[in-house]
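Please find below a short note for a reader who is meeting this structure for the first time.

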Amino acid sequence: MGKPLNRSKLAHSANTAIQSVGALLIALILGAVILLLTGANPLGAYGAILKGSVGSVSAFINTLVQTTPLMFTGLSYLFAAKAGLVNLGMEGQMLCGAMGAAVAGAWNLGLPKFIHLPLAILVGVLAGGLYGLIAGLLKAKFGANEYIVTLMLNYVATLLMSYLANGPLRPEGEINVATAPVLETAQFTKLVKNRGLTAALFIAVTLSVLVHFFLDRTKPGYEIRAVGRGRLASETAGINIARTTMLTMFISGGLAAMAGVSMVLGVNGRYIEGFSPGYGFNGIAVSSLASGNPLMVGVSALIFGALRAGAMVLNMTQRIRPEFADMIQALVVIFVAMPALFQVVKTRAKKPETEPAKAAEKKEAN
Amino acid sequence: MCQYDIEMTHITKQYPLVLAVDDVSFRVRRGEVHALVGENGAGKTTLMKILYGMTSKNGGEIAIGGKPVNFKKPGDAIAAGIGMVHQHFQLTPVLTVAENVVVGEERQSWWNFNRKKAIDAVDEIIREYGFKIDAGRRVGDLSVGEQQRVEIIKALYRGAQILILDEPTAVLTPQEVDELFKVIDRMRSLGKTVVIITHKLKEAMAISDSASVMRDGKMVKAGVPIAQCSTDLLAKWMVGRDIELDSTRRAQQFGETVLEVKGLCCRDRHGPVLKDINLRIRAGEILGIAGVEGNGQTELIEALTGLRTPESGQVLLRGEPLTGGPLQFLQKGVGHVPEDRLARGLIKDLNIRENLILGYQWSDRFAGRFFLKMNDITAFSRKVIDEYRIKAPSEKALISALSGGNQQKVIIGRVFEENPQVIIVAQPTRGVDIGAMEYIHEVLLNLRDAGAAILLISADLDEVRRLSDTLAVLYEGEIVTETPADTLSEQEIGMYMLSGKMDGEEVLADGKTA
C-alpha cells in the first residue's frame, strides 16, 4: 500500500522545493499585509529591498557579503539536524570561532600567508567545534537535552567574549570594544577592493559540497544520518550513538565557527563586539528553507542575504526598521514548518483527477 | 427465503492514492457467523469501517435488516444495532469491567446514574453468553483476551444485533481462541449476526457458516458456504494462486552446537525477566520459542544480540563467550532479524540501498576506512532485490514506500546474505501477506538446510510449529519445556504457554498417580 513507488525521489525533491518556495511567498505576502496595517507601502518596501540587494553591482556585493556567514550557520544547523540534533548554540559557537581566529590572526609569528591564514581558520574552527562538543558530550554521556544546553551556552559565550574584548584582549588606547587587528597574512583575499566580499564565500560553497558528499558517501556520514532517522535501528545495527552525537556536534560547531572566522578574517579584520546581527540564529531559517539539502543552502542563504542587505536600505528610504528582514525570516521558518498546510493545498488541487487514472496508480503501488 | 441482516452493494472507497474498496457487494444472513477473509490491505477492515460509520464511502448502498441506512458516525451504527470490536481496544484501564461497559451511559442522565442497575445489566450479559470474566475487576489487571471480552460485552450491552470482530484471534492463545469461539457459538444460537475479519484460514473454517474473500480491494468470492471451502481454497482465492502453507520439512541431521546459552538471567526495574535460561542451537537446526508475548521474549532477543547485558550467565558462540554490544555480536556472526521491523530493523526514511547495509556498515564489503563503496553497495542491493523478489522500482526507493512483506524481505536479505553462523529471528512474518510469508519460511528452511543455526521467536504458534526442529516454550521468563518438534500437540503447547505447565503435571510430579 502507500504511495506509488516509481517517482518517489524526484517527486520528493520537487515537493520540498514547492514547499520552500510556497513558504517564502506566503511569508512575503503576509509581510506585505503587516506593512499595510502599519501604514507603510508594501510595494515601495519590496521595491527598496530589491534595489538594495540586486539593484546594482554594489548592492549585489552587499548581498553576497551577507550571504557568506549565513551559509556557514545554515550548514551548521543542517548538519546537526541530520543526526536528529537541534543546535541552537550556533551564535555562541560562532563567537568562539571569531575570537579564536582573531587571536591567532593577530599573533605576529612572522609566518607567510599560506600558513598563517589556514592556521587562524583552524584555531577558529577548533574553538567553535570544541564549544559545540560540550553540548554533544553532555548529551552523549548524561542525556542532557541539547536544545537547552546549546541555547544556554550562547549566553556563556557572549559574556565571555565580551569580557575578553573589553579586557585582556583589548589593545591599549583602543576606543572600540575590539581586539587587535588581524595581520595582513591572516586575512582572506578580498574579491572587491575595500569591500567585505572575500574568498570566504568560496570556502562556504566548497563546504556545502563537501558536507553533501560527507553525509552521502562516507561511513561516518551514513552513521550520522542513520542515527538521525532511526535511533533504535542504529543501536541495533551496532552504531556508536554517543560517538556519533559528539562528532556531529563538533562538526556542527566548527561550521558555525566559520561564520565568525569569515567575519573576523574577512569583513572586519578584528573581533568587534556585537559584530553579528544574529547570523547564528538565522542559520535555522537558512537550513529550513533549504529543506535539509546542503546543496540548496547557498540558494537559501542568498535569498536571506538579499533580504538582509535590502533591509539595510529600507531604513533610509522607506523608514521601515531593518528588523523587517528578521520578521520575514521568522515567517518563512514558521511556514516551512507546516508541511501539512501544503498537503491540504495539494489534495484540493488533486481532486478532479479521474477514477481510471487512480486505479492505474493503485496497480503500480502493488 | 433468506433474510439478510447486512446488505452492502457496490461500495467504493477512494483514498488519495489508493482505491481501497472497489465496487464491493457484501451480504450477510441474519443469525450467521460470516468470515471476511483477505490479506493485509485487501480492504476488509475499510469495508467494515464503512459499515460501522467510521469511514465515509465514495459510492454504494447499505441496508441493515432490509432498511437503507446512511451512517455518518459510529454512534448511528450503534443505534442501528451494530457493534464493532477493533484490533486496538478502547478501554480505560483504571475503571472496572462494568464501568468500562456502561461508560457513555451516564451521559443520558448524569445527575442520576444508577450504577447498581448498570452493573446488574452487565452481569446479566456475562451470564447469558457465558463469558469468563468478573465484572468488578479493574481492566488494567486483565489479560489481552479478557480485555477483548470486555469489548464484546460492551457491544452487546449497547444492544448490538450485528457484531463485527476485527482480527479477534490475532492476540489470543489457543485456549483463549477456544473460549472466544464458544461465545461466538452462543451468540449464533441467540440469533446474533457475527462478522469476523481474519486472515487466519483455519479459524475461519472452524467457526463460520460462510465466508467472503477480498483481494486488492475487490470481492473475489462472496458468501460461499463454509462446507464448500477449504483452507487451501481460501488461500488460493486470497492470494490469487496456489499456496503451500501446511507442508514443511524437518532437519535431516544436526551438526555441532553453535550457540549455547548457560544460566542466563536478566532483570529489569520490576524484577527478574529471564530466569536461568539454558539453550543450545546446533548447526542445521531451527529452535523455535513459543510463548505469549511479554514473557521474556524481547529480553531474550536483546541478550542474544548484545543489546542487553545479562545479569548473570553466558552466551557462547562455538565455545567462545560472546560479550560486548550489538557491533561485537554482529561482527562475530550473530545475525538479527528484529521483532519490531520499523523500530529496530529498518530506517523508513532511508532508501533500500542504505537499509541493506544497516548493521554491516563496518564490513569491508561496503566500506573502506572512510568512504562507502557506493558501486559495490548498489550492485549488492540490486542482487538482493532480485534474489529475494523485493517489489520495488529501484534500490533508491524509500523503505516507507514498501509493503510490510517487502520491508521484511529487505531485512531477511541483508542478514542472510552475510551468511551468519547464528541467526536470531523474531516475528519474521508479522503483518506480512501470505505470499511473502510462504517465501520467508522457505528461505529460512533453506538456510537451515545449508547449516545455519537459527533461533526463531514468534508469537504465531502455527509458524513456530511449522518451522521448528526443536520447540521450547517461554513462560514468565523461564523455558518451561523443550522437546523435539511434533511431540506436543497444539493444545499441549497452548497449556504451557498459558500456565507454564500441562494439566496434571503437578500430580505426576508428586508421584501419586502413574
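This is a predicted model: local features need pLDDT of at least 70, side-chain atom pairs count only at pLDDT 80 or more; totals for chains, interfaces and linings use all residues.

1. Residues are numbered from 1 along each chain as its sequence is written, with chains lettered from A and ligands numbered from 1 in the order in which they are written.

2. Chain B contains 18 helices and 20 strands (DSSP runs numbered from the N terminus: H or I of at least four residues for helices, E of at least two for strands). Its radius of gyration, taken over C-alpha atoms, is 25 Å, close to the 24 Å of the globule rule (2.2 Å times the number of residues to the power 0.38) for 514 residues, so chain B is as compact as a globular protein of that length.

3. The C-alpha trace of chain B spans about 70 × 65 × 50 Å along its principal axes. Of the 514 residues in chain B, 46% are buried (20 or more other C-beta atoms, placed from the backbone, within 10 Å of a residue's own).

4. Four strands of chain B form an open sheet in the order S2-S1-S4-S5, with antiparallel pairing (two strands pair if DSSP finds at least two bridges between them). Strands S2 (19-29) and S5 (67-69) of chain B are its edges, each pairing on one side only.

5. Strand S1 (residues 4-14) of chain B pairs with S2(B) over seven bridges in the antiparallel sense. B:Met8 has B:Phe26 in S2(B) as its bridge partner.

Terms used: A residue is buried if 20 or more other C-beta atoms lie within 10 Å of its own, exposed if 12 or fewer, and partly exposed in between; C-beta atoms are placed from the backbone.
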